[in-house]
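The sequence and structure come first.

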Amino acid sequence: MSKPTPDVYEQGKGMDAHNQVMREIRSRKEASYDPHEPTRVWLDEDNTPGGVKTSLTIILNTGGCRWARAGGCTMCGYVAESVDGGSVSHEALMDQIDVCLAHEAENADEPADLIKIYTSGSFLDEREVGAETRKAIGETFADRERIVLESLPDFVDREKIADFAGHGIDTDIAIGLETATDRVRHDCVNKYFDFADFEDACAEAAAADAEAGDVADAGIKAYLLMKPPFLTESEAVADMISSIERCADVSGCHTVSMNPCNVQRYTMVDELYFNDGYRPPWLWSVAHVLEETADVDAIVVSDPVGHGSDRGPHNCTECDDLVQKAIKDFDLRQDPSVFEQVSCECELTWDTVMERERSFNQPLTR
C-alpha cells in the first residue's frame with residue numbers, strides 16, 4: 001500500500017494528524033451489523049459503455065476498508081456500517097449474495113444486465129473479500145453482461161479482473177480517486193495514494209482487457225468527490241472540471257462518476273458541519289461541472305445522494321428536485337441542454353457564493 005513520504009507527513013502532522021482525529025470520531029460508533037445480511041441492495045438504471053442498463057447494486061457487509069480502520073477519509077462514514085472484528089467468512093458473504101438475488105427476483109421482471117458490487121472498502125482487497133469468495137461471485141454472475149467492482153488502486157491487477165472477464169462479463173473497476181489533484185486528495189480527503197497510482201491501475205485494467213480479447217471488456221470507472229472539506233465552492237468546481245478532464249485523458253478510464261459530498265456520521269465532515277464549517281455543494285455546481293465537461297472523451301455521470309437535504313447537495317429547496325431530475329436525465333442521455341430547462345432565483349445566490357466565498361468565510365451561505 002502506498003505511504004505518504006515522511007518529509008511531507010511527519011508524525012503528528014498531515015495524514016498522521018487526520019488519522020488520529022478520525023480514529024477518535026469513529027470510536028463513537030455503537031451499532032453492530034449482521035454478517036449474513038448486505039448493507040444495502042437496490043435496482044436502478046445506469047449509463048455504461050454498452051448503453052443504458054438495468055442494474056442491481058449490492059453493498060456487501062465486510063470487515064471494512066483497511067485504510068478507514070487506520071483513520072481514513074475525512075468524508076467517509078461507510079466504515080461505521082462494517083461488521084465488527086475485521087473479517088467476514090466466505091459462507092456469510094455468499095449468504096449476502098443470496099439475499100440480494102432474492103431481492104432482485106422479488107422486485108424485477110428479469111435479471112439485471114449490470115451488477116454493481118461495493119464493500120465500503122475494496123472488493124479486490126483479499127482481507128475483505130477472499131479469493132474463494134471473489135471467484136464464486138464471478139461464477140454466480142457469469143450470465144450477466146457487465147459487472148462493476150469497487151477497489152482502491154493498490155489491489156487492482158489483471159489476474160483478479162480475469163476472475164470475471166474470463167467468464168465473458170464486461171468488468172469495470174470503480175476507483176475512489178476523489179480528485180486528480182494529489183494535494184487535495186492528501187490534505188482535504190486524507191487519501192494516501194497519488195494520481196500516478198490511479199494511472200497504474202488503469203494500465204492493469206487495459207492489460208486485462210487485452211488478455212480477454214473478444215471475450216469481454218475491462219476498464220476503469222473513476223469516482224470523484226465534489227467539494228471535499230476545506231475547499232470553497234469555486235475551488236471545488238474548478239478542481240472537478242480539471243479532474244474530469246484529466247481522468248478522461250487516461251487510457252482505460254471510460255467513465256467518470258462525480259459524487260457530490262454529503263455529511264455522513266462519524267466523519268470529520270460531520271464535525272465541521274455541526275460547527276458551521278462545511279456546507280455540501282450546490283446542485284448548481286454539479287450541473288455547471290457536467291455542462292463544462294460534456295465534451296470529454298468519457299461518460300460523465302453524477303448521483304447526488306441526499307439531494308435537497310441540509311446534509312446533502314442542495315440549492316434552496318424549491319428547485320432541488322427539478323435540478324436533480326435534470327442531472328439524472330443528463331446521466332442517461334449525456335445531453336447538457338437539459339440544464340437549460342431549469343432555473344431558479346437562487347442561482348443569483350450561487351453566483352455570489354462562487355464569486356465571493358473565500359477560505360476564511362466559508363461557508364458563505366448554508
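Which strands each supply at least two residues of the lining of the largest cavity? The section on cavities answers this.

## Basis

The model is predicted; local features need pLDDT of at least 70, side-chain atom pairs count only at pLDDT 80 or more, and totals for chains, interfaces and linings use all residues. Residues are numbered from 1 along each chain as its sequence is written, and side-chain values use heavy atoms, without hydrogens and water.

## Sheet

An open sheet of mixed pairing is formed by 8 strands, ordered E1-E2-E3-E4-E5-E6-E7-E8. Strands (E, at least two residues) and helices (H or I, at least four) are DSSP runs numbered from the N terminus; two strands pair if DSSP finds at least two bridges between them. E1 (40-48) and E8 (299-302) are the edge strands, each with a single partner, so one side of each has no neighbour in the sheet. On average, neighbouring strands are turned by 25 degrees against each other, direction ignored.

E1 pairs with E2 (residues 51-59) in the antiparallel sense over 9 bridges. Asn47 has Val52 in E2 as its bridge partner.

## Cavities

The whole structure holds 2 cavities of 30 Å³ or more (a cavity is a set of points on a 1 Å grid over the protein atoms alone where a 1.4 Å probe fits but cannot get out; lining residues have an atom within 4 Å of a point).

E1, E3 (114-118), E4 (146-150) and E7 each supply at least two residues of the lining of the largest cavity. Among the lining residues are Asn47, Lys116, Arg146, Asp172 and His254.

Terms used:
Axes fitted to C-alpha atoms, helices over the stretch in contact; angles between N-to-C directions. 1 Å grid on protein atoms, 1.4 Å probe; cavity = no way out; pocket = protein on both sides within 12 Å on 5 of 7 lines; lining within 4 Å. Points joined across faces, edges and corners; volume = space filled by probe spheres on them.
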